[in-house]
Amino acid sequence: MSEIVLDKTKLRSGVYYLSEADNRFESNYISVRKKENRIYFDEEVKLLPNVSSSNPHKNEWKLRSKSMERFISHVQKFNDKLNLLDVGCGNGWFSANVAKQTLLNVYALDINKTELEQAARVFELNNLKFIYGNIFENIFDESVFDMITLNSSIQYFDNLNTLIKRLFFFLKDKGEIHIIDSPVYNRNELAGAKERTARYYILLGLPEMVKHYHH
């Protein structure tokens, strides 16, 4: 299985910029992450999903670690060097762990240059590349990925059906899409979930984030 060749002229600070940078979402997102104590030092990112006992999100990280282990166990069954696209990779902890423990060529995608550039600093692996790109632009050729993961990221897309259809464009026949660790609600839960989210972001002082979080 051949890896995907990326344009090295678009490589800056360890990240391939395949779309024009747009800071509108990132500035609000990073502000939320800081208030939630989810911005980590490089040495902490390197150890994720393992966190200290004092981490306020330690129980969440235990669950995410189990999800990661299940996925890695699944892909270790494949002997080929398959191509994986990780959409919404953030600081790269999941992408890096997959790259370390499997034969996959991992392409970690996000529109958050702050965390992408941190990820590129922290994780240097031959089978791992970090990419800034809009998934709805033709940043890759058709049918080039064997697997696509969305790890705690589908909630940042306003229409899941549109997103999945778009991912099929990049996915090979018989390829796999894995949606991991994202909240999914029944219809009768939606109104309450939306209300809680709006109240949460208002309390954080960032009500504009409501339009970026979808149920």
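In what order do the strands of the open sheet run? This open sheet has 7 strands in the order E1-E2-E5-E4-E3-E6-E7, and their pairing is mixed. Strands are DSSP runs of E with at least two residues, helices are runs of H or I with at least four, and both are numbered from the N terminus. Two strands pair if DSSP finds at least two bridges between them. At the edges lie E1 (11-12) and E7 (171-180), each pairing on one side only.

Before going on, remember that this is a predicted model, where local features need pLDDT of at least 70 and side-chain atom pairs count only at pLDDT 80 or more, while totals for chains, interfaces and linings use all residues. Residues are numbered from 1 along each chain as its sequence is written, and side-chain values use heavy atoms, leaving out hydrogens and water.

Now look at E3 (residues 83-87) and E6 (residues 145-151), which pair in the parallel sense over 4 bridges. Here Asp-86 stands opposite Thr-149 in E6.

Next, find helix H4 (residues 93-101), which packs on the sheet and touches E3, E4 (105-110), E5 (128-132), E6 and E7; contact means heavy atoms within 4.5 Å. Is H4 largely enclosed or open? Because 7 of its 9 residues are buried, H4 is largely enclosed by the rest of the structure. Buried means under 20% relative accessible area, with a 1.4 Å probe and protein chains only. Among the buried residues of H4 are Trp-93, Phe-94 and Val-98.

Notes: Axes fitted to C-alpha atoms, helices over the stretch in contact; angles between N-to-C directions. Buried < 20%, exposed > 50% of the residue type's maximum accessible area, 1.4 Å probe, protein only.
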